[in-house]
Amino acid sequence: MTETAATAFEQGLERYKQGESVETLIPHFKQICDRAPKNPTAWACLAWLYLLADKPELALKAAKKSVKIDSRPPQARINLALAMLDTGAKGVRDHIEAAQQMMSLDEEIHQDIVENIEDGLSRKPDWKSLQRVKKWLLSPE
């Protein structure tokens, strides 16, 4: 296999955008994480896919790896908060507050998060923890 992890990542992202099933994308992103274990974005994507597939324990592990590698991206923090909510873990507030702070500093980041939340709810409309996170992140204080 000669494709790079970056190429595989872009292909996986495109497949996701085209509506491919989460079940077929999870192995693809697991392979990317195996090939590029220090890529926080790949781990964040894998966590998101696990969350969509109702596998919160696996999502928690992937999200923790993503945030450990790079704690700055708000989507990684949001994925970790979602996995924590879905598994009953403590410490959600710190990650929500970090994401809020980053969103308040950059309108493009804010818009990306809004789009990701809407995408998640379109794929999994009854996702209670994402509905809670949306309320926390997007409701006026």
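## Salt bridges

R15 and E20 join their side chains in a salt bridge, with N and O 2.6 Å apart; the term requires a side-chain nitrogen of Lys or Arg within 4 Å of a carboxyl oxygen of Asp or Glu. This is a predicted model, in which local features need pLDDT of at least 70, side-chain atom pairs count only at pLDDT 80 or more, and totals for chains, interfaces and linings use all residues. Residues are numbered from 1 along each chain as its sequence is written, and side-chain values use heavy atoms, with hydrogens and water left out. R15 counts as partly exposed because its relative accessibility is 29%, and E20 is also put in the partly exposed class, at 25%. The classes are buried (under 20% relative accessible area), exposed (over 50%) and partly exposed (in between), with a 1.4 Å probe and protein chains only.

The structure holds 5 salt bridges. One of them pairs R72 with D70 at 2.9 Å, N to O. R72 is exposed, with a relative accessible area of 61%, whereas D70 is buried at 16% relative accessibility. Another salt bridge is formed by K134 and E118, whose closest N and O atoms are 2.9 Å apart. This pair links distant parts of the chain, since K134 is in helix 8 (residues 128-138) and E118 in helix 7, 16 residues apart. Helices here are DSSP runs (H or I, at least four residues), as strands are (E, at least two), numbered from the N terminus. K134 is partly exposed at 29% relative accessibility, and E118 is partly exposed at 37%.

P40 is placed in helix 3 and counts as buried, given its 17% relative accessibility. The backbone oxygen of P40 is reached by the side chain of S66 at 2.8 Å. Such a polar contact is a pair of N or O atoms within 3.5 Å; within protein, one must be able to donate a hydrogen and the other to accept it, and residues adjacent in sequence count only if both atoms are side-chain atoms. S66 belongs to helix 4 (residues 56-69) and is buried, with 1% relative accessibility. P40 and S71 are separated by 31 residues in sequence and by 8.8 Å in space, C-alpha to C-alpha.

W48 also lies in helix 3 (residues 40-52). Its relative accessible area is 10%, so W48 is buried. From W48 to N116 the C-alpha distance is 9.9 Å, and the two are 68 residues apart in sequence.

## A positive phi

D54 sits in the loop between helix 3 and helix 4. Its phi is near 60 degrees, a positive value in a residue other than glycine. Most residues other than glycine have a negative phi. D54 is exposed, as its relative accessible area is 55%.

## Negative surface patch

D106, E107, E108, D112 and E115 form a patch of negative charge on the surface. Patch members have over 30% relative accessible area and no salt bridge; like charges are joined within 9 Å, and nonpolar side chains (Val, Leu, Ile, Met, Phe, Trp, Tyr) within 5 Å. Lys and Arg count as positive and Asp and Glu as negative, while His and the chain ends are not counted. The place of a charge is NZ of Lys, CZ of Arg, CG of Asp or CD of Glu.

D106 is in the loop between helix 6 (92-105) and helix 7 (107-123). D106 counts as partly exposed, at 31% relative accessibility.

How values were computed. Areas by Shrake-Rupley, 256 points an atom, 1.4 Å probe, with all protein chains shown as cover.
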